[in-house]
Amino acid sequence: MGAYRQEPLPDSHTQGILEAGCDEAGRGCLAGPVYAAAVILPHGFSHRWLNDSKKLSEKKRDELRKIIETEAVAWAIGVVDNQEIDRINILNASILAMHRALDGLSVRPEAVIIDGNRFKPYRDLPWTTFVKGDGRFGNIAAASILAKTHRDEYMRQAHAIYPEYKWDINKGYPTKDHRAAIAAHGACGLHRQSFRLLDNQLTLF
């Protein structure tokens with residue numbers, strides 16, 4: 001209940017131009033890369049499920065990913081790994097991932113809109129940030145879905161290498177079981193060393 005919109009989101013903020021929506025996934029994780037996506041939707045595109053990826057079930061996200069990747073005018077993924085995150089900090093890494101996603105688009109957008117309130121100029125394109133934009137505009141919602149599903153796919157693959165951290169369940173976020181596994185096994189090569197990996201209670205043990 002409440003996960004699916006009664007009315008479809010508008011495909012973009014500014015009609016009549018090729019506008020890319022951008023969003024990221026994994027900013028708050030303790031491990032793995034931050035992923036971003038850039039999506040240009042066709043004018044008039046709508047889907048009643050299209051919404052902020054956090055408000056959708058995994059099954060609906062996966063279904064929408066197929067639809068978006070098939071029907072989008074253009075889409076691309078940008079990735080910044082944990083070592084680069086440690087060097088440049090997570091805010092800069094999130095913006096860099098979005099720039100890399102924009103670099104990957106097969107069609108050059110005429111403008112960019114971004115979820116959140118922080119961005120840096122990308123080439124000479126006009127851009128605007130929107131707080132909670134992934135629940136307001138279809139192209140940002142589509143980007144949030146692609147960023148989330150591609151990152152989750154990566155973390156499931158990483159789980160096969162490091163099963164002790166249960167990344168198939170927590171996807172690298174700072175859950176109690178993830179932090180307990182770090183306390184028990186230590187950090188691995190995919191952990192972000194610039195993040196606080198253990199909470200105050202676990203450091204007492």
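This is a predicted model: local features need pLDDT of at least 70, side-chain atom pairs count only at pLDDT 80 or more; totals for chains, interfaces and linings use all residues.

Q: OK, so where does Y154 fall, buried, partly exposed or exposed?
A: Y154 has a relative accessibility of 24%, so it counts as partly exposed.

Q: And Y35, buried or exposed?
A: Y35 is buried, at 9% relative accessible area.

Q: How many aromatic pairs are there?
A: The count comes to 6 aromatic pairs. One of them is Y35 with Y154, a tilted pair with 6.2 Å centre to centre and 50 degrees between the planes.

Q: Which parts does the Y35 and Y154 pair tie together?
A: Y35 is in strand β2, residues 34–40, and Y154 is in helix α4, residues 138–161, so the pair links parts 119 residues apart in sequence.

Q: What about Y162 and Y165, how are their rings arranged?
A: Y162 and Y165 make a tilted aromatic pair, with 6.3 Å between the centres and 50 degrees between the planes. Y162 is partly exposed at 23% relative accessibility, whereas Y165 is buried at 2%.

Q: Which residues form a cluster with Y162?
A: Y165 and W167 do: together with Y162 they form one aromatic cluster.

Q: While we're on rings, what sits over the ring of F195?
A: That's the charged end of R192, 5.2 Å from the centre of the F195 ring.

Q: Switching to pockets. What's the volume of the largest pocket?
A: About 380 Å³ for the largest pocket. Its lining has 22 residues, and D23, E24, A25, K54 and D115 are the ones nearest the centre.

Q: Which elements give two or more residues to that lining?
A: β1 (19–25), α3 (90–103) and α4 each give two or more residues to the lining of the largest pocket. α3 contributes the most, with 4 residues.

Q: How do the lining residues divide by type?
A: For the largest pocket, the lining has 10 charged, 7 polar and 5 nonpolar residues.

Q: Is α3 mostly covered or mostly open, and which residues are buried?
A: α3 is mostly covered, with 10 of its 14 residues buried. The buried residues of α3 are I90, L91, A93, S94, I95, A97, M98, H99, A101 and L102.

Q: Which residues line the largest cavity?
A: D11, S12, I17, E19, L41, H43 and N139 line the largest cavity. By type, that lining divides into 2 nonpolar, 3 polar and 2 charged residues.

Q: Where does D11 lie, and is it buried or exposed?
A: D11 lies in the segment before β1. With 7% relative accessibility, D11 counts as buried.

Methods
Residues are numbered from 1 along each chain as its sequence is written. Side-chain values use heavy atoms; hydrogens and water are left out. Rings of Phe, Tyr and Trp (its six-membered ring) pair if their centres lie within 6.5 Å; planes under 30 degrees apart count as stacked, over 60 as edge-to-face and the rest as tilted. Buried means under 20% relative accessible area, exposed over 50%, partly exposed in between (1.4 Å probe, protein chains only). A charge sits over a ring if NZ of Lys or CZ of Arg is within 6 Å of the ring centre and within 35 degrees of the ring normal. On a 1 Å grid over the protein atoms alone, a cavity is a set of points where a 1.4 Å probe fits but cannot get out, and a pocket is an open set with protein on both sides within 12 Å along at least five of seven lines; lining residues have an atom within 4 Å of a point. Grid points are joined across faces, edges and corners, and a volume is the space filled by probe spheres set on the points. Ala, Val, Leu, Ile, Met, Phe, Trp, Tyr, Cys and Pro count as nonpolar, Asp, Glu, Lys and Arg as charged, and the others, Gly among them, as polar.
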